[in-house]
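Me: Hi! Could you walk me through a structure I have open?

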Amino acid sequence: MRGEARSFAAARKDRAADIDRWLTDLFRTAATGPYARDGLSGSGATGFPEERGSAGPNGIGGVALVAVGSLGRGELAPGSDLDLVLLHNGRDDVARIADRIWYPIWDSGVGLDHSVRTVDEAVKVAREDLKAVLGLIQARHVVGDPELTRAVREAVLAEWRADSRRRLAELRAAADKRAEAGGELAFLLEPDLKDSRGGIRDVQAMQAVAAAWVASAPGPRVREAYELLLDIRHGLHLVTARGTDRLVLQEQDAVAGTLGMLDAEALMRRLAEAGRTISHSFDATWRTVDRLLTGPAPRGRRPLADGVVEHGGEVVLARGVNPRTDPTLVLRAAAAAAEAGLPLAPATVSALAAQSPPLPVPWPPEARAALVALLGAGRAAVPVWEELDQAGFLVRLIPDWERVRHRPQRNPVHRYTVDRHLIETAAGAASFTREVSRPDLLLISALLHDIGKGWPGDHSTTGEIVARDIGARIGLPPADVEVLATVVRHHLLLPETATRRDLDDPVTIARVAEAVGSREVLELLAALAVCDGHATGPAAWNSWKASLVSDLVRRVRSVLSGTPPVPAPVLSEEQAALARHGGGAVRVNGTAVTVVAPDRPGLLWRAAGVLAAHRMVVRSASAASAGATAVIEFAVVPEYGTPPDPATLEADLRLVLAGRLDIEQRLARRARSVRPPRVPVAPPRVTLVDDASTTSTVVEVRAHDRPGLLWRIGRAFGECGLDVRAARVETLGAEAVDVFYVADRTGRPITDEQQRLQVREHVLAALR
């Protein structure tokens, strides 16, 4: 791979040299021959009057061609535009010279960003235009009078440094705006290599800060990360044959191939590491800027922990402390920094990284206590954890961390890499420590719940094994190791059961109670479900899922306590009011749609068809019956625009129930207007889950979401002579995970193998 990277760097250098030679030829032709032949010049060997300026090395005075942007930095990718400035000393023929340079470039098809300025004009523009000043700070002379280029650079740099307080604040605001719009490069499925946080422009911003003499230039690790981003961008331009900066999903495998990497996952892991390295250095740069521009921090040292003090707004080691003799010092310092909401001083991190001995195995209790204190600091622990990661501490403390470090989760539901998701979950768990009997085990299990994703196979199963090893490594007693392993093994049990099983079925509650085993584990799993969902992303947790998990926990807690659960009301007050409406009623409250109607076969999928016909995307659905009344709760969002009128929805529902509305025809028209996915998607999967219920057959359907999907599935059940008794429908990103409890016309589960196969094939056919 490094050979490929070196060839890309060499290719960029060679292309810049080729462009320079081409521009030099254009410049010489524009400034000499054509003007002399056209009688547009005065005396002199070059055709210019002598008073126009002293001649440069090319025999041309008073005009210079300067490269800015990627050409100026020598980083020209295959699809990059040219950014050029034609400097002059007031010559009256400069417009003609410019035309004879710009037009051949345009004719060649190369993109061009250009300007023509005197030195004073260039300095004036740079004074007010951030993009202009950033380009001129790194401007490179190409051809012509070098004194003009030197004069511009010196004047621009002098003003940049003299007005650094205002200009750096402007630079920071621009970076924040980019980050808000572009997201964080390390955690995006389709990052913008330039504008995402941790991208190419952030390194250029750090270089501009260094040019102001306010902070040091980016170090070797950042420069290496930057070169990787340039290489990836280079490969992206080759693959797409255009100058794009967004690394979309369908191009990632091909781009990985141009860099000699195994596949897209390897590429995105390297990209995540580079982005986080740049983001970490970017934050450190701005802390330095803030200290220097806002004045020195108060002097003095405030004790924070044994051997750890605050000094100058940072956490440093106390005088006389020797890291070589104290293996727990790094965790103690990290916990103190997080609890104080302060950064670890870079010099302190470097000293600890170089001098700290390894922790003994098992860890001493004070080391484990420091880890729990660090995690218990909540959000403040995230930047400190990142600091330890950048210094290489985490894989020394927990070797298994290496397998999940920077590992991408190529799924739109997840907004973080695996390792960042783990610390984000632990940060969220800190707010639940007052609600569980073992807050230490909650924090540690939150940190480790997805640790199995670094290994092949089901991550919950492999995670249990890894969690046992780590629990013993950090010195947990055997009983606590068992609890930790159980929580990691079953961390998805509550949300998956709540959203994919009928909670009114006794088998569901009994299975969960058996797996959980104790109220202690149940409360840990309940808290972890919330933290995990929030840290995953908006599509993974919502009020509907929260209410289902809460209901499941209530029922399982009652079973574990040996008392029957208090039955939930058959209908809520609002649902009962709707039921009295008679015939079919709809209530729309924001994104929640409640349908209450006389129970009958096919009600769920017919109601779903009405919603789909009205451009409503079903994100989740829960169906249940109360006597002769069926209640369906949908969570929906409009595909675009505003939601439809509730009265219109209700009217169409009544028409469907009466058989007077052809929903199939409407949905067929809509399906023809829907564009297919732009990337290949996995084929649908239909599974009949055994032993999940004694009264129904549980059918789990996973497929790429599209309008009318729930309607098609339900109609397939109806054609097989099945009735949907209950349903749990959930959309995670672009993937639908739908579970249906179905029974035949006699009200019994499907036991005949031939019929089970027929149902599976019929539903699959409906999904194609």
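**Helix pair and sheet**

Reply: Happy to: helix 31 and helix 32 cross in a right-handed way, where right-handed means the near helix is turned clockwise from the far one by less than a right angle, and left-handed means anticlockwise. Helices are DSSP runs of H or I with at least four residues, strands are E runs of at least two, and both are numbered from the N terminus. This is a predicted model, where local features need pLDDT of at least 70, side-chain atom pairs count only at pLDDT 80 or more, and totals for chains, interfaces and linings use all residues. Residues are numbered from 1 along each chain as its sequence is written, and side-chain values use heavy atoms, leaving out hydrogens and water.

Me: At what angle do helix 31 and helix 32 pack, and how far apart are their axes?

Reply: Helix 31 (residues 709-719) and helix 32 (residues 753-767) make an angle of about 145 degrees, with axes 9 Å apart. Axes are lines fitted to C-alpha atoms, for helices over the stretch in contact, and angles run from 0 to 180 degrees between N-to-C directions.

Me: Which residues make the contact?

Reply: Contact means heavy atoms within 4.5 Å. Helix 31 brings residues including Leu709, Ile713 and Phe717, while Val759, His762 and Leu767 are among those from helix 32.

Me: Switching to the sheet, what is its strand order?

Reply: The order is 3-2-1-4, in an open sheet of 4 strands with mixed pairing. Strand 3 (112-118) and strand 4 (140-144) are the edges. Two strands pair if DSSP finds at least two bridges between them.

Me: How many bridges join strand 1 to strand 4?

Reply: There are 4, and the two strands run antiparallel.
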